[in-house]
Amino acid sequence: MSEGRAVEDLVVGVLGGTGPQGRGLAVRLAAAGQQVLLGSRDAERCADVAEQVAERATAAAAGSEVSVRGGSNADVAGAADLVVVAVPFAGHAATLAELTTPLAGKIVVDCVVPMAFDELGAYVLDVPEGSVAQQAAALLPDSQVVGAFHHVSAALLEDVSQPTLDCDVMVVGDVREATDTVQALAGRLPGMRGIYAGRLRNARQVEALTVNLVSCNRRYKAHAGIRITDV
Ligand SMILES: NC(=O)c1ccc[n+]([C@@H]2O[C@H](COP(=O)([O-])OP(=O)(O)OC[C@H]3O[C@@H](n4cnc5c(N)ncnc54)[C@H](OP(=O)(O)O)[C@@H]3O)[C@@H](O)[C@H]2O)c1
């Protein structure tokens, strides 16, 4: 539960934490002083990944202690105060359906993009619930689901030779306290701001915009992100 807790005191769990996006968020959050738990379908393999993430976070933390541990997705969902979902869309619904109880009462931050590729490049997949974040909310009725961190490239997150991230994070959700917390969490990463971008029913456009950024990346050999002006 995060109610009344300072954001820096929250233990952050990452489901699918062994992939590039989960590892990258974990590196930056741990370097910023957050306690991080990495989750996986294979807790043993995840312990090794957690060690590598901790090493990278230590390099970025300028001498401060970092805390990264690995475990199963279920253990991480139960032990963390706030949980980031970083599994592929194909495994999203099945992963969350098994974790309804341990995730109850918690903020669940979904960064999953419903995306596929064909000969024309990246495109958006339809989600019956309207968006991946709404699918999470339907599966987790007792959690506070927030959409965020879609537009941050894993490659930049993991590249700690760049101490500052030049991007904003659009944060969508229906509970003000939860979106405020996730904005504050994003704001702990140097250079990054969390910007409120509407209710969960507006998650679809935020998720889909990632596909445009991926198309930019392919054309310009970049790791494109976004900045919101005049805020
Ligand atoms: N990569 C990026 O730059 C980026 C940027 C923005 C958003 N995202 C979103 O972040 C999510 C993670 O991206 P990624 O590139 O890190 O993905 P990934 O490497 O394909 O998957 C992340 C982890 O999820 C677990 N996983 C794989 N298939 C699964 C399944 N069917 N069910 C449950 N877990 C499964 C694996 O961990 P274990 O085998 O250890 O369980 C894997 O290491 C995606 O939904 C993506 O849309 C990615």
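**Ligand shell, sheet and helix packing**

Of the elements that contribute to the shell around the ligand, helix α4 provides the largest share, with four residues. The model described here is a predicted one, in which local features need pLDDT of at least 70, side-chain atom pairs count only at pLDDT 80 or more, and totals for chains, interfaces and linings use all residues. Residues are numbered from 1 along each chain as its sequence is written. Helices (H or I, at least four residues) and strands (E, at least two) are DSSP runs, numbered from the N terminus.

The ligand is surrounded by 25 residues, the closest being Gly 16, Gly 19, Ser 40, Gly 91 and Ala 154; a residue is near a molecule if its C-beta atom, placed from the backbone, lies within 6 Å of it. The elements that give two or more residues to this shell are α1 (20-31) and α4. By class, the shell has 12 nonpolar, 11 polar and two charged residues, where Ala, Val, Leu, Ile, Met, Phe, Trp, Tyr, Cys and Pro count as nonpolar, Asp, Glu, Lys and Arg as charged, and the others, Gly among them, as polar.

An open sheet of mixed pairing is formed by eight strands in the order β3-β2-β1-β4-β5-β8-β9-β10; two strands pair if DSSP finds at least two bridges between them. Because β3 (67-72) and β10 (192-196) stand at the edges with a single partner strand each, one side of each is left without a neighbour in the sheet. Within the sheet, strand β1 (residues 11-15) pairs with strand β4 (residues 82-85) in the parallel sense over four bridges, and the bridge partner of Leu 15 in β4 is Val 85. Helix α8 (residues 176-187) packs on the sheet and touches β4, β5 (107-110), β8 (144-147), β9 (167-173) and β10, its direction making about 165° with that of β10. Angles run from 0 to 180 degrees between N-to-C directions, and axes are lines fitted to C-alpha atoms, for helices over the stretch in contact.

Two helix pairs were also examined. Helix α4 (residues 89-97) packs with helix α6 (residues 132-139) at an angle of about 15°, the axes being 9 Å apart, and the two are therefore roughly parallel to each other. By contrast, α1 and helix α2 (residues 43-60) pack at about 45° with axes 8 Å apart, and are therefore oblique to each other. In these terms, angles under 35 degrees count as roughly parallel, over 145 as roughly antiparallel, 65 to 115 as roughly perpendicular and the rest as oblique. In α1, Arg 23, Ala 26, Val 27, Ala 30 and Ala 31 meet Val 49, Val 53, Ala 54, Arg 56, Ala 57 and Ala 60 in α2, residues being in contact if their C-beta atoms, placed from the backbone, lie within 7 Å. The residues of this contact of α1 with α2 divide into nine nonpolar, no polar and two charged.

Technical notes:
Contact = placed C-beta atoms within 7 Å.
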